[in-house]
Amino acid sequence: ADPVKYAEAIAAGNTFVTNDAAFRRAHGDDGFSHIVVTSADAEKDHRAFLERGVSGGDLVSFSRRFERPDGSLDTLAVNLAFATHPAATSGHFFTCENVVAPELDHSALLEHENGVLGARRVISTASVPSTYADFYSQLFGSTNVIAGDQSVDCAAPNGLVSIVTPDLLAQEYGVGLRSAAADLRHRGLVFAVRVLSSAEALFARNRVPFERHNGRLIIQPRSEGGFFFGFEQDPE
């Protein structure tokens, strides 16, 4: 939104903005460049990424003042540690440690008319997903990683982080890629909803284009470099 501040952040060595700019140069403004996970110690993560040869850049620390609904001011502060697999030029990650985290009422942000309960799966693509199996296991601290010829599924506490081949992406989610990069690219999010038919009715009323595929509602990418949204019935 502010090209001057954007350029200043890159010149100052801000890793997040630098990685984001590289993604935009390669793929345009549609898509998402990073997956973020919570952390108890971002500095420890950063050292571990350096030791394993997967560092995505320097640690970033920042704080921001914000105004509460009652008019009082408070501060939020975080540390970010970045990771990028050597074989991945576009699939970036970072861990986020809350250094100063005021108690806030998030309830208004967690209730959605479409009935979404939360993200259940993050989907990335790669021509050989197994390349990233160990990287995912270490990054997400998971011993539950299933790697096959066409997919890698890594269990996280609140869902799955998956890498699939472009062919499996088309088969499982109905999302076709006109030009599929060989390395890692983040492609979409799958959400669980309370009642899938209610979400479908809402999309129809709001004229949101969607397709039905393998029991899910799929909102296709709006551009070749974009991402898709999937919605599926919550099993619980």
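Hi everyone, let's start with one side chain: Phe 203 is buried, at a relative accessible area of 6%. Before I go on, please keep in mind that what you see above is a predicted model.

Who is the partner of Phe 203? Phe 203 forms an aromatic pair with Phe 210. A pair of aromatic rings is described by the distance of the centres and the angle of the planes. Phe 210 itself is partly exposed, with a relative accessible area of 21%. That value is not under 20%, so Phe 210 does not count as buried.

Ring pairs join Phe 203 and Phe 210 with Phe 32, Phe 191, Phe 227, Phe 229 and Phe 231 in a cluster. How many aromatic pairs does the count come to? The count is 14. Another one of them is Phe 135 with Tyr 136, also tilted, at 6.2 Å from centre to centre and 50 degrees between the planes. Both of these residues are buried: Phe 135 has 6% relative accessibility, and Tyr 136 has 0%.

Now, let's move to the backbone. Most residues other than glycine have a negative phi. With that in mind, look at Arg 207, where phi is positive, near 55 degrees. Arg 207 sits in the loop between helix H7, residues 196-205, and strand S10, residues 211-213. Is Arg 207 buried or exposed? Arg 207 is exposed, because its relative accessible area of 77% is over the 50% cut-off.

Asn 214 is not a glycine either, and its phi is positive at about 50 degrees. Asn 214 is partly exposed, with a relative accessible area of 47%.

S10 brings us to the sheet. Eight strands form an open sheet with mixed pairing, and the order is S6-S7-S8-S5-S9-S12-S11-S10. Which strands stand at the edges? They are S6, residues 145-147, and S10; each has a single partner strand, so one side of each has no neighbour in the sheet. On average, neighbouring strands of this sheet are turned by 20 degrees against each other, ignoring direction.

Within that order, find S5, residues 116-125, and S8, residues 159-164: they pair in the parallel sense over five bridges. If you want a spot to look at, Val 122 has Val 161 in S8 as its bridge partner.

Next, a strand with another number: S4, residues 92-100, which holds Asn 98. Asn 98 is partly exposed, with a relative accessible area of 48%. Setting aside neighbours within four places in sequence, Asn 98 is in contact with Ser 39, Ala 77 and Val 78. Asp 167 is 69 residues from Asn 98 along the chain, and their C-alpha atoms are separated by 38 Å.

Last stop, the helices. Two packed helices are described by the angle between their axes and the distance between the axes. For H1, residues 3-11, and H2, residues 15-27, the axes come within 8 Å and cross at roughly 115 degrees. H1 brings Tyr 6, Ala 9 and Ile 10 to the contact, while H2 brings Val 17, Thr 18, Asp 20, Ala 21 and Arg 24. By class, that contact has five nonpolar, one polar and two charged residues.

Terms used
Residues numbered from 1 in each chain as written. Predicted model: local features only at pLDDT ≥ 70, side-chain atom pairs only at ≥ 80, totals over all residues. Heavy atoms only, no water. Helix = DSSP H or I, 4+ residues; strand = E, 2+ residues; numbered from the N terminus. Buried < 20%, exposed > 50% of the residue type's maximum accessible area, 1.4 Å probe, protein only. Phe/Tyr/Trp six-rings, centres within 6.5 Å; stacked < 30°, edge-to-face > 60°. Pairing = 2+ DSSP bridges. Axes fitted to C-alpha atoms, helices over the stretch in contact; angles between N-to-C directions. Contact = heavy atoms within 4.5 Å. Nonpolar A, V, L, I, M, F, W, Y, C, P; charged D, E, K, R; others polar.
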